[in-house]
Amino acid sequence: QVQLVESGGGLVQPGGSLRLSCAASGSIFTIYAMGWYRQAPGKQRELVAAMPSGGVTNYADSVKGRFTISRDNAMNSVYLQMNSLKPEDTAVYYCKIDAWSTGRRDYWGQGTQVTVSS
């Protein structure tokens, strides 16, 4: 059983910063990629940032230069540093890992709310 626990969401003013964390636990043999997605009300879930193991980090155009993804392989954790936040960044943020447990598949966190408002 693989579980992902996210933390770090909250309410922040425009221009502010937040750091999201996601820790994976359980019977994980290999993590191939880790990433963050978000879903705003009435919109589809979209990729925010992804970091393959040993590959090129990928960011959505809307967050380039403001958000930074990082991972700690020893801790099976992924982070998202979000700076210069805008109201349009308001969404539920989900972490996802592509990992091998009983087989290779995607695992999702429960989501954490980020609200950017004055």
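Biologist: Is Y94 buried or exposed?
Modeller: Y94 counts as buried, because its relative accessibility is 14% and the cut-off for buried is under 20%. Please keep in mind that this is a predicted model.

Biologist: And W108, what does that one count as?
Modeller: W108 has 36% relative accessibility, so it counts as partly exposed.

Biologist: How many aromatic pairs are there?
Modeller: The count comes to two aromatic pairs. In one of them, the ring centres of Y94 and W108 are 6.5 Å apart and the planes stand at 80 degrees, so this pair is edge-to-face.

Biologist: Which parts of the chain does that pair tie together?
Modeller: Y94 belongs to strand β9 and W108 to strand β10, which covers residues 104-108, so the pair links parts that are 14 residues apart in sequence.

Biologist: Which residues form the aromatic cluster?
Modeller: The cluster is made of Y37, Y94 and W108.

Biologist: What lies over the face of Y94?
Modeller: R45 does, at 3.7 Å from the ring centre of Y94. R45 also lies over the face of W108, at 4.7 Å from that ring centre.

Biologist: Let us change topic. Where is K96 found?
Modeller: K96 is in strand β9, which spans residues 91-100.

Biologist: Buried or exposed?
Modeller: K96 counts as buried, because its relative accessibility is 16%.

Biologist: What does its side chain join in a polar contact?
Modeller: The side chain of K96 makes a polar contact of 3.2 Å with the side chain of Y37. Y37 is also a member of the aromatic cluster.

Biologist: Which other residues does K96 touch?
Modeller: Leaving aside residues up to four places away in sequence, K96 touches several residues, including L4, A33, M34, G35, D106, Y107 and W108.

Biologist: On to the strands. How do β9 and β11 pair?
Modeller: They pair in the antiparallel sense, over three bridges. Within this pairing, V92 stands opposite Q113 of β11.

Biologist: What about β2 and β11?
Modeller: Strand β2, residues 10-12, runs parallel to β11, and three bridges join them. The bridge partner of V12 in β11 is V116.

Biologist: Which side chains of β11 point to which face?
Modeller: In β11, residues 112-116, the side chains of T112, V114 and V116 point to one face and are buried.

Notes:
Residues are numbered from 1 along each chain as its sequence is written. This is a predicted model: local features need pLDDT of at least 70, side-chain atom pairs count only at pLDDT 80 or more; totals for chains, interfaces and linings use all residues. Side-chain values use heavy atoms; hydrogens and water are left out. Helices (H or I, at least four residues) and strands (E, at least two) are DSSP runs, numbered from the N terminus. Buried means under 20% relative accessible area, exposed over 50%, partly exposed in between (1.4 Å probe, protein chains only). A polar contact is a pair of N or O atoms within 3.5 Å; within protein, one must be able to donate a hydrogen and the other to accept it, and residues adjacent in sequence count only if both atoms are side-chain atoms. Contact means heavy atoms within 4.5 Å. Two strands pair if DSSP finds at least two bridges between them. Rings of Phe, Tyr and Trp (its six-membered ring) pair if their centres lie within 6.5 Å; planes under 30 degrees apart count as stacked, over 60 as edge-to-face and the rest as tilted. A charge sits over a ring if NZ of Lys or CZ of Arg is within 6 Å of the ring centre and within 35 degrees of the ring normal.
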